[in-house]
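Let's work through a few helix-packing and interface exercises together. Have a look at the model first, then follow each solution step by step.

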Amino acid sequence: MAADSGDKFSVLLPTYNERENLPLVVWLLVRTFRQSGNNFEIIIIDDGSPDGTQEIAEQLEKIYGSDKIIVREIISILFSSGTAYIHGMKHATGNFIVIMDADLSHHVSLYSIKQKEGNFDIVSGTRYKGNGGVYGWDLKRKLISRGANFITQVLLRPGASDLTGSFRLYRKEVLQKLMEKCVSKGYVFQMEMIVRARQLGYTIGEVPISFVDRVYGESKLGGNEIVSFLKGLLTLFATT
Amino acid sequence: VAMTKLGQWLCGVALLGSAWAALALAPPGLRLPAPYRQALLPLPVYLLVAFGCYSLATVGYRLATFNDCEEAAAELQEHISAAREDLRRRGLRF
């Protein structure tokens, strides 16, 4: 597939203790972009990880070239994706920004295709539609996920089926505008981005993604997470 | 300035609530025939119960049709092995 010579994709990868996952994610991204012929760069923003993530990132920079892999370090008291994105965007030279967790990297090329299809301002991955889905989730986790999503849809009517998915593509100007307007922290921030985007009239396309999460390590979904999710949701309900 | 979702809900509840109160609780001067009033009175409760049933049915359906991505997981495992090999060859020290 021939690439539109104008487009360049900047992938922002905030990392904290992702020494094991990072090489795999980068390898998959490089491979996907090369196959689809798109121009790209990967910006790794490490929050002072004590496990040597930065060292591995620098090795990857040597292997793939510093025009393709850019490594930056920030030290923040509380690791927040928002800070990482702001920092990462300063170095991004692409006109499209891909935001993803460093533990999942499927379907990047699908995103660029989908964007072209509808000339969307934002393309968001969804686990709930089409052949999107999850792997290795037990019934309880699926129930909580669907239940939380249902409440979110009723309260926020966001116009996107999956607000907490970890995989998005934005036009650079759109992301900059949204980052100015959004005030939440953590993953509520991700939800707020979509809600604000709808309010500002941006177009959102969706792509089904397979959420094979946590290549290494366990994902936690306990009482605390649920409570903080509800708090975040109610805050968005009252303020957007 | 756009109204918040909470604001929209409060407006909606206020509107519907006052309409219901006017018709069902029947202050003097606005009297519907008795059978209509009796039917309208429990309407809010009925609607809540109906919404509850709809919610349970919807979440249940979505839970049942939540896809399991066996293929994607297997594919990812393959990719991981390929990645480790390739990176090792290129000099990455894990």
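## Exercise 1: H7(A) against H8(A)

In the contact between H7(A) and H8(A), A:Tyr187, A:Val188, A:Met191, A:Glu192 and A:Arg196 of H7(A) meet A:Glu225, A:Ser228, A:Phe229, A:Gly232, A:Leu233, A:Leu236 and A:Thr239 of H8(A). Contact here means heavy atoms within 4.5 Å, and helices are DSSP runs (H or I, at least four residues) numbered from the N terminus.

A word on the ground rules: this is a predicted model, in which local features need pLDDT of at least 70 and side-chain atom pairs count only at pLDDT 80 or more, while totals for chains, interfaces and linings use all residues. Residues are numbered from 1 along each chain as its sequence is written, chains are lettered from A and ligands numbered from 1 in the order in which they are written, and side-chain values use heavy atoms, with hydrogens and water left out.

**Task.** Sort the residues of this contact by class, then describe how H7(A) and H8(A) cross.

**Solution.**
1. Sorting gives six nonpolar, three polar and three charged residues. The nonpolar class is Ala, Val, Leu, Ile, Met, Phe, Trp, Tyr, Cys and Pro, the charged class is Asp, Glu, Lys and Arg, and the others, Gly among them, are polar.
2. The axes of H7(A) and H8(A), the latter spanning residues 223-239, come within 10 Å and cross at roughly 30°. Axes are lines fitted to C-alpha atoms over the stretch in contact, with angles from 0 to 180 degrees between N-to-C directions.
3. H7(A) is therefore roughly parallel to H8(A), a label for angles under 35 degrees.
4. The crossing is right-handed, meaning that the near helix is turned clockwise from the far one by less than a right angle.

## Exercise 2: H5(A) against H8(A)

**Task.** At what angle do H5(A) and H8(A) pack, and which classes of residue make the contact?

**Solution.**
1. H5(A), residues 139-156, packs against H8(A) at about 10°, with the axes 10 Å apart.
2. The two helices are therefore roughly parallel to each other.
3. Contact residues include A:Ile144 and A:Leu155 of H5(A) and A:Phe229 and A:Phe237 of H8(A).
4. By class there are 11 nonpolar, one polar and no charged residues.

## Exercise 3: chain A against chain B

**Task.** How many salt bridges cross the interface of chain A and chain B?

**Solution.**
1. Chain A brings 44 residues to the contact and chain B brings 35 residues.
2. The rule finds one salt bridge, defined as a side-chain nitrogen of Lys or Arg within 4 Å of a carboxyl oxygen of Asp or Glu.
3. A:Lys142 pairs in a salt bridge with B:Asp68, the closest N and O atoms being 3.0 Å apart.

Technical notes
Angles under 35 degrees count as roughly parallel, over 145 as roughly antiparallel, 65 to 115 as roughly perpendicular and the rest as oblique.
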